[in-house]
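Please open the model in a viewer and keep the selection panel at hand. The stops below are given in the order in which they may be selected.

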Amino acid sequence: MAVIQDVHGHAHDHPTGIMRWLTTTNHKDIGTLYLCFSLAMLFVGGFLAMGIRAELFMPGIQILEPEVFNSFTTLHGLIMVFGAVMPAWVGFANWQIPLMIGAPDMAFARLNNWSFWLLPIAALLLITSFFVPGGAAAGGWTFYPPLSTQGGMGTDMMLFAVHVFGMSSIMGSINIITTILNMRAPGLTLMKMPMFVWGWLITAYLLVLVMPVLAGAVTMVLTDRNFGTSFFNAAGGGDPVMFQHIFWFFGHPEVYIMILPAFGVISEVIATFSRKPLFGYTSMVYAIAAIALLSCFVWAHHMFTAGMPVTGQLFFMYATMLIGVPTGVKVFNWTATMWRGSMTFETPMLFAIGFIVLFVIGGFSGVVCAVVPIDVQVQDTYYVIAHFHYVLVSGALFALFSGAYYWLPKWTGHMYDETLGKWHFWLSMIFFNMAFFVQHFLGLAGMPRRIPDYALQFADFNMISSIGAFGFGLTQLLFVYIVIKCVRGGEKAADKTWEGATTLEWTHLPSPAPYHSFETPPVVK
Amino acid sequence: MTKTNNIDILKKLLVFSVVMFGFGYALVPIYKKFCEVTGIYELERPDAVSKNIEVDNTRLINLQLDANVRGLPWKFKSLQSHIRLHPGKLTEVMYEISNESEEPQTGQAIPSYSPKSLERYLKKVECFCFSQQVLNGKEVKQLPVRFLIDPEIPDDIHTATISYTFFKANAN
């Protein structure tokens, strides 16, 4: 590695220690920062989840007062969405997009540094809001008025934090779009790009489309709270239901923002470990684009019970079900890629297959929720909690683990501990299902979400769910250990670590990838 | 592949982001307009009442009248606490608001109905809630609501409530 760095003159003058990380404009350094930050946030959000499950372990109020419980659920959602999953994907984008398209760095290196360093500020605002008078925001992660137009300083801090997270995402997306459109290696046409890059290109467009709308909604809530406007205040001529429309215009594409890069990673991993090219590449690209497009027209399925004409309910119901079609195309293509492939089951592949199985369960419960009469029944119950944890934890988070194990050898130059990796997968798989599968039953039986206590008949399933959640939380400490162990040393990884890998970072770069790579772009035939 | 090219894309995407921020705000009037056109949200407009609605003398509906104030030093009450009426009959009820303070103040009344479906069958011809009310210090006003209940109202509704709450209106 030292030899490679010496080739590039400016490799010598980059600062060391803390200043290296504060001032870095290197896409690999920034990617590492993003990934470490999101892992830290995963544990903060996870701590809140453990608090929630500890309170729900038994009926009655034992650990958290209802107000604190509400803050825990609210901040758990916000931290996991804006602090853990989204920055983790931007971290993968930073590391992988330049390597996979043969670019020397991201298009706007300084902007890149900025987008990262906004994140700790926002995270600090969220975490310290627990300690201000009145406590942290407690009106749910969707901060619907009138709850979000009341509340103390903690709510203002939360709203401001969402603003800062949003700014960071918009800058990150602009950077990613420019990099992908302008800096691909000669010969790498759009329709030859790896699926991960495609997933991110479309995600980035979705982000610049809807993040500013969220910024608008947040600004309106802030001015309603502090400057006497009445966007959402019925008494002043506003309408709280309008907030839900504006919020979900952002919020529904947001769930695809968290899952489209996951589709990309899974496509890479499944193809590599099946040792076959991805089945139906073109249809995969169009499926992602179709999902992104449809996601902008389904927002009101989150509000079937908020008051809506039947025509509206029918439109949003059918539009939502339509998303199942391109998603089905993707799942069938992954299955067809595995069909008669010479499959091996290393940890990334295990997480990818786990992703497909569990994401499909989450997708199906999504279609169930889309049916208006059923949604009226399960609205705000644990059925919905089970649904979105199946798509976000065993969806987005499993894909993140899959990608991390897949690329760790390229990032660190060492193999991770395969035995421990398999343990991580199987423990995650078992505990995840233990925690969340039973929540389907709880929801169908009518247990409401966001309430710290419950009726006695829900006790057994809640205890199972809590034990599963504790197990899942502890298992993630194993992941941290595996990553640290892999960074510190281990078996030397081959340049092309995986036999079936075909993308540029495996075929053209040594492991670990040098600090400066592709200063001369490779030529793709 | 050149630097200027990158800056061009940056500029376009920044402009696009600002436009989308504006779109967030544009959704406010779009939403209002959409609700008006489709007839979902007609808080401040009298309902059109067809001339040939027939009074259904076979039914009597018990209507409770509720009045509240939030954030204003006003007193607000309805002169009758409840009335009984036949669906289809044009009815007038009187409310009284009085300003307990010395300063002039502006309020806006917001209606709320129970059961929720009453909204569809309640036809208001005149209401103090269609506009903001200004009261000088110590002033007392009596205000009418003229309405009828559509005879189409489902048979299982025997009792209904109309509730008004006066909120402090922002000067605008």
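Begin by selecting C296(A): this residue is buried, its relative accessible area being 11%. Here buried denotes under 20% relative accessible area, exposed denotes over 50%, and partly exposed covers the range in between, computed with a 1.4 Å probe on protein chains only.

Some conventions apply throughout. The model is predicted, so local features need pLDDT of at least 70 and side-chain atom pairs count only at pLDDT 80 or more, whereas totals for chains, interfaces and linings use all residues. Residues are numbered from 1 along each chain as its sequence is written, chains are lettered from A and ligands numbered from 1 in the order in which they are written, and side-chain values use heavy atoms, with hydrogens and water left out.

**The disulfide in chain B**

Next, select C127(B) and C129(B). Their sulfur atoms lie 2.3 Å apart and form a disulfide, a term for a pair of cysteine sulfur atoms within 2.5 Å. The structure holds one disulfide over all chains. The link of C127(B) and C129(B) is right-handed, with 130° about the S-S bond. Both C127(B) and C129(B) are buried. By contrast, C36(A) takes part in no disulfide, and the nearest cysteine sulfur, belonging to C486(A), is 13 Å away. C36(A) has 48% relative accessibility and therefore counts as partly exposed.

While chain B is displayed, colour residues 1–41 as domain 1 and residues 61–168 as domain 2; such bounds come from an automatic or database domain assignment. The C-alpha centres of these two domains of chain B are 40 Å apart.

**Helix packing in chain A**

Now select helix α3 (residues 27–55) and helix α16 (residues 459–488) of chain A, whose axes come within 10 Å and cross at roughly 160°. This makes α3(A) roughly antiparallel to α16(A). Helices (H or I, at least four residues) and strands (E, at least two) are DSSP runs numbered from the N terminus. Axes are lines fitted to C-alpha atoms, for helices over the stretch in contact, with angles from 0 to 180 degrees between N-to-C directions. Angles under 35 degrees count as roughly parallel, over 145 as roughly antiparallel, 65 to 115 as roughly perpendicular, and the rest as oblique.

Which residues of α3(A) meet α16(A)? They are L39(A), F43(A), M50(A), R53(A) and A54(A), and their partners in α16(A) include S466(A), F470(A) and V480(A).

Within helix α16 of chain A, select S466(A). This residue is buried, with a relative accessible area of 0%. Leaving out residues up to four places away in sequence, S466(A) touches R53(A), L56(A) and F57(A); contact means heavy atoms within 4.5 Å.

Move to I63(A), in the loop between α3 and α4 (66–101) of chain A. Is I63(A) buried or exposed? At 55% relative accessibility, I63(A) counts as exposed. Apart from neighbours within four places in sequence, I63(A) is in contact with A54(A) and E55(A).

Finish at T503(A), in the loop between α16 and α17 (504–507) of chain A. T503(A) counts as buried at 9% relative accessibility. Not counting residues up to four places away in sequence, T503(A) touches M100(A), P194(A) and E268(A).
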